[in-house]
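Student: I'd like to learn how to read a protein model. Could you walk me through a few features?

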Amino acid sequence: MSTVDSTPEAAKIVESVDLTLMEPIFEKYRTQPGTLIPILQAAQEVYGYLPPEVLASIADTLDLSISKVFGVTTFYAQFYLERRGRHILKICDGTACHVKGTPMLLTALEDGMEVAAGETTDDGELTVEIVYCLGSCALAPVTVLNEQVMGRMRPEMLVRRVKKQIAAAQDDHQ
Ligand code: FES
């Protein structure tokens, strides 16, 4: 698959897996031992996630088996093997948040934005992730939109906030 749209907006999203983007990363860590994790982190920063082609390239360059590289990515929660949305919404489903309404928040997202927990919207704008206790139980139910913590969230407010955030980011890019 190749990138057909070469506008600046499109350039921000890596549509195809351009492995030349890995070259400066490999160069940076070339002489250092034990660099698998920093290389994976750097690659994820570039691509937003770790596509299979990138994992294969890392395994090849470091002379490791693909299963070893894959095993590390699945062991650490910080690594993502699937493309994520431009906006990340974390929803706490720890005990306090669950009791205070997380299931209703998830239903509102499914109804209002057609996205379920663990999924990304078809337009690639939003990924919804479940987390278990953010340590702010007094503010339950707690959500985090792009690192911004939002406590005592209500279903209709959540959908409104998320839509507003997506629209604001789209305006910024125009
Ligand atoms: S259970 Fe959600 S912040 Fe603790």
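Student: At roughly what angle do the axes of helix 3 and helix 4 cross?

Tutor: Two packed helices are described by the angle between their axes and the distance between the axes. In this predicted model, the axes of helix 3 (residues 36-47) and helix 4 (residues 52-62) cross at roughly 150 degrees and come within 11 Å. Angles over 145 degrees count as roughly antiparallel, so helix 3 and helix 4 are roughly antiparallel to each other. The crossing of helix 3 past helix 4 is right-handed.

Student: Which residues make the contact?

Tutor: Helix 3 brings Leu36, Ile39, Leu40, Ala43 and Tyr47, while helix 4 brings Val54, Leu55, Ile58 and Leu62. By class, that contact has nine nonpolar residues, with no polar and no charged ones.

Student: How do I read backbone angles?

Tutor: Most residues other than glycine have a negative phi, and most peptide bonds are trans. Here, Asp63 has a positive phi, near 60 degrees; Asp63 is in the loop between helix 4 and helix 5 (66-75). The peptide bond from Ala140 to Pro141 is cis, with omega near -5 degrees, and Pro141 lies in the loop between strand 2 and strand 3 (143-145).

Student: And what about empty space?

Tutor: Rolling a probe the size of a water molecule over the atoms shows where empty space is left. The second largest pocket holds about 170 Å³. It is lined by 13 residues, and Tyr80, Glu82, Arg83, Arg84 and Gly118 are the closest to its centre.

Student: Which element gives the largest share of that pocket's lining?

Tutor: Strand 2 (residues 126-131), with three residues. By class, the lining of the second largest pocket has five charged, four polar and four nonpolar residues.

Technical notes. Residues are numbered from 1 along each chain as its sequence is written. This is a predicted model: local features need pLDDT of at least 70, side-chain atom pairs count only at pLDDT 80 or more; totals for chains, interfaces and linings use all residues. Side-chain values use heavy atoms; hydrogens and water are left out. On a 1 Å grid over the protein atoms alone, a cavity is a set of points where a 1.4 Å probe fits but cannot get out, and a pocket is an open set with protein on both sides within 12 Å along at least five of seven lines; lining residues have an atom within 4 Å of a point. Grid points are joined across faces, edges and corners, and a volume is the space filled by probe spheres set on the points. Helices (H or I, at least four residues) and strands (E, at least two) are DSSP runs, numbered from the N terminus. Ala, Val, Leu, Ile, Met, Phe, Trp, Tyr, Cys and Pro count as nonpolar, Asp, Glu, Lys and Arg as charged, and the others, Gly among them, as polar. Axes are lines fitted to C-alpha atoms, for helices over the stretch in contact, and angles run from 0 to 180 degrees between N-to-C directions. Angles under 35 degrees count as roughly parallel, over 145 as roughly antiparallel, 65 to 115 as roughly perpendicular and the rest as oblique. A crossing is left-handed if the near helix is turned anticlockwise from the far one by less than a right angle, and right-handed if clockwise. Contact means heavy atoms within 4.5 Å.
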